Amino acid sequence: MAFWGQRESWVVTRETRTHDVSRGWHSGPVLTIATVNVNGIRAAIRRGMSEWFTTAAPDVLLLQELRAPNALVEKELRTFLDPQWTITSVESLVKGRSGVAVASRLPVLAVREALPGLGSAAEPVEEPEGDSGRWVEVDLELPDARVLTVVSTYLYSGTVGTPSMEAKYAHLDRVTARLTELGTQGRLAVVSGDINIAHTELDIKNWKGNLKAAGFLPQERAYLDRWYGELGWVDIARAAQPGVAGPYTWWSWRGQAFDNDSGWRIDAQIATPALAELADQVRVDRAATYAERFSDHAPLVASYNLPTA
């Protein structure tokens, strides 16, 4: 199975990137993080996901839209992940929907299986059913003993004119509050996954036809403005290559969207400034042909140069 990531993918390296993070370069070990919406873990593995994984060789794998119980996710991932990997998955309370996971070769220090921000410790409030299976945080121990927080998230898609948009905005408010907490000075953290929002016209091929569609509404995009502005988080792929259309990460299964590259860039690795300074290569592993896709999303892979221990 061939991917753009190994042939002609959009790759940004130390020599080609244009954003100002050069002061963060080190010659230490490299940590590779991959994120992908699998659109059903069983179907993705059946279509060849493990072949992509073997070639990509990430150290941390962040998955969304698993659509399976935790036990089944573990079973399926163990078909290609050896015992040294730790798998943390959170299923949705709605059967056959959502579901996120973090798989890591690095030691796991702590796990938080839901997005905080409801009620208080004294009076906790149960998470809305639709919010379940959309957020998992894992603290990992880096070789130099520092802590890296990774988040796998699957944000609401939403449909204009339905209650799902109200749920999406309420969830985005909670995400914003959590990003504020995670983005403390000097912290190493990355929030990765399917955010279901195209930030600018560069992130969606047919932006004119989607101005009133969920995923490209001004109110949705304003959240990203705040995350990347006031809160200081960095969209690794866009910061590495500003002004470039795409590279897209999602294309409809229907019609000629994939062949015509009529897609959306809605999968992201969003890092704190301290981690963004260590970013090295960024790529989208777009399948070479429609027939070789294992999901309607392509993996987004980024490498980070870590300081020597």
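The secondary structure of the protein comprises seven helices and 13 strands, where helices (H or I, at least four residues) and strands (E, at least two) are DSSP runs numbered from the N terminus. The model is predicted, so that local features require pLDDT of at least 70 and side-chain atom pairs count only at pLDDT 80 or more, while totals for chains, interfaces and linings use all residues. Residues are numbered from 1 along each chain as its sequence is written, and side-chain values use heavy atoms, with hydrogens and water left out.

Of the 309 residues of the protein, 55% count as buried (under 20% relative accessible area, with exposed meaning over 50% and partly exposed in between; 1.4 Å probe, protein chains only). The accessible surface amounts to about 13100 Å², of which 51% belongs to carbon and sulfur atoms; accessible areas come from the Shrake-Rupley method with a 1.4 Å probe, and for residues only the protein chains shown count as cover. Among contacts (heavy atoms within 4.5 Å) between residues at least 6 apart in sequence, 76% join residues at least 24 apart.

Strand E5 (residues 100–104) is mostly covered, with five of its five residues buried. In a regular strand the side chains alternate between the two faces of the sheet. In E5 both faces are covered: Val100, Val102 and Ser104 are buried on one side, and Ala101 and Ala103 on the other. Strand E5 pairs with E3 in the antiparallel sense over five bridges, pairing being assigned if DSSP finds at least two bridges between two strands. In this arrangement Gln64 stands opposite Val100 of E5. Antiparallel pairing over five bridges also links E5 to strand E4 (residues 86–90), and here Thr86 stands opposite Ser104.

Glu65 is located in the loop between strand E3 (60–64) and helix H3 (70–77). This residue is buried, with a relative accessible area of 9%. Apart from neighbours within four places in sequence, Glu65 is in contact with Asn37, Val38, Asn39, Gly40, Ile41, Ser98, Gly99 and Tyr154.

Strand E12 (residues 279–284) is largely enclosed by the rest of the structure, because five of its six residues are buried. Four bridges join E12 to strand E13 (residues 300–305) in an antiparallel arrangement. Within this pair, Val284 stands opposite Leu300 of E13.

The structure holds two cavities of 30 Å³ or more. On a 1 Å grid over the protein atoms alone, a cavity is a set of points where a 1.4 Å probe fits but cannot get out, and lining residues have an atom within 4 Å of a point. Grid points are joined across faces, edges and corners, and a volume is the space filled by probe spheres set on the points. The largest cavity contains about 60 Å³ of space. Eleven residues line the largest cavity, and those closest to its centre are Ala287, Arg293, Ser295, His297 and Ala298. By class, this lining has seven nonpolar, two polar and two charged residues, where Ala, Val, Leu, Ile, Met, Phe, Trp, Tyr, Cys and Pro count as nonpolar, Asp, Glu, Lys and Arg as charged, and the others, Gly among them, as polar.

The second largest cavity contains about 50 Å³ of space. Its lining includes Ile195, His199, Asp203, Leu224, Tyr228, Arg265 and Asp267. Helix H5 (218–228) and strand E11 (267–271) each supply at least two residues of this lining, which has seven nonpolar, one polar and four charged residues by class.

Terms used. 1 Å grid on protein atoms, 1.4 Å probe; cavity = no way out; pocket = protein on both sides within 12 Å on 5 of 7 lines; lining within 4 Å.
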